Amino acid sequence: MRDIKLIVSDIDGTLVDRTERIPPELTAAIQKCRDAGIVFALATGRTAELTEPFVRALGIDAPCVEANGAYILQGGRCLVEHGFSAAPIREILERADQLDMTVTLADAQCERAVRETDYVRYHQSLGNRFQTLLPLSAIDWEADRFQKIMIMDEARSGNIQEIRDRLEPFSNQYWITTFSNKAVELGPKGCNKATGMKELAALLGVGLSQVMACGDYRNDLEMISGAGYGVAVDNALPEIKEAADYVASKPYALGVVEAIEALCFR
């Protein structure tokens, strides 16, 4: 049994598949950790509204790393945040809006869309996102700070490549991630799940050697490499498995449960 005090896990592709179903084995494993004094927290690219349902469903009371390390929330209270100005890319956001793309801007409290699109209306109907809008004309370009910006081309028209090319000169100011021909996201340079994990461990007084990190995708790589014990679920990318200390034989949440049993209690 290892001296693990903190478990940090990605959500999408690690704890859940596209159905977002949480198996009871995971809930039981998290409770077992809690009873043993092991903190279970999330480290996700999701913003606050999309992370909160998992926090509630899993009974997590620990601070969680959100928006790829841009902030750490606990019970709706922001403990750490790394904001950035959107002023340098104002013309790019305006161009994306002119091309009928979905543009969203998130801070530590909520994610807002520039205007209604099919994507925005769909999530509004679910009741968990975009309940208020933030038109580009309403942004205070000098004072407003954000933690994450997303530009999405639902039509997959090919215009996302133009936006990505326009953003390239600003890669020294933001991290920029492209998702195929559909979307591009950006956030504060130097922040990722690994930096969020380190800040979370420091808040809890836990050394990185006592941290177990679970993931499946490229944005989990630094976190898995930097933790005392890196875990890859069975459905993880090959490079994630290569970096991990423990590769589960099961996918998604059941792989995390397997790793908890193997590293924390066996």
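Good morning. I begin with an open sheet in which three strands run in the order β3-β4-β5, with antiparallel pairing. Strands here are DSSP runs of E with at least two residues, helices are runs of H or I with at least four, and both are numbered from the N terminus. Two strands count as paired if DSSP finds at least two bridges between them. β3 (64–66) and β5 are the edge strands with a single partner strand each, so one side of each has no neighbour in the sheet. From one strand to the next, the twist averages 30°.

A word on the source: this is a predicted model, in which local features need pLDDT of at least 70 and side-chain atom pairs count only at pLDDT 80 or more, while totals for chains, interfaces and linings use all residues. Residues are numbered from 1 along each chain as its sequence is written, and side-chain values use heavy atoms, with hydrogens and water left out.

Let us stay with this sheet. Strand β4 (residues 71–74) pairs with strand β5 (residues 77–81) in the antiparallel sense, over four bridges. Tyr71 stands opposite Glu81 in β5, and Gln74 has Arg77 of β5 as its bridge partner.

Strand β6 (residues 102–106) is joined to β7 by three bridges, in the antiparallel sense. Across that pair, Thr104 stands opposite Ala113 in β7.

I turn now to helix pairs. Two packed helices are described by the angle between their axes and the distance between the axes. The axes are lines fitted to C-alpha atoms, for helices over the stretch in contact, and angles run from 0 to 180 degrees between N-to-C directions.

How do α3 and α5 pack, and at what angle? Helix α3 (residues 90–98) meets helix α5 (residues 159–167) at about 175°, and their axes are 10 Å apart. That makes α3 roughly antiparallel to α5; the label applies to angles over 145 degrees, with under 35 being roughly parallel, 65 to 115 roughly perpendicular and the rest oblique. From α3, Ile92, Arg95 and Ala96 make the contact, and from α5, Glu162, Ile163, Arg166 and Leu167.

The other pair is helix α1 (residues 24–35) with helix α9 (residues 252–265), packed at an angle of about 25° with axes 9 Å apart. α1 is therefore roughly parallel to α9. Residues making the contact include Leu26, Ala29 and Cys33 of α1, and Val257, Ile260 and Phe265 of α9.

Thank you for your attention.

Note on methods. Contact means heavy atoms within 4.5 Å.
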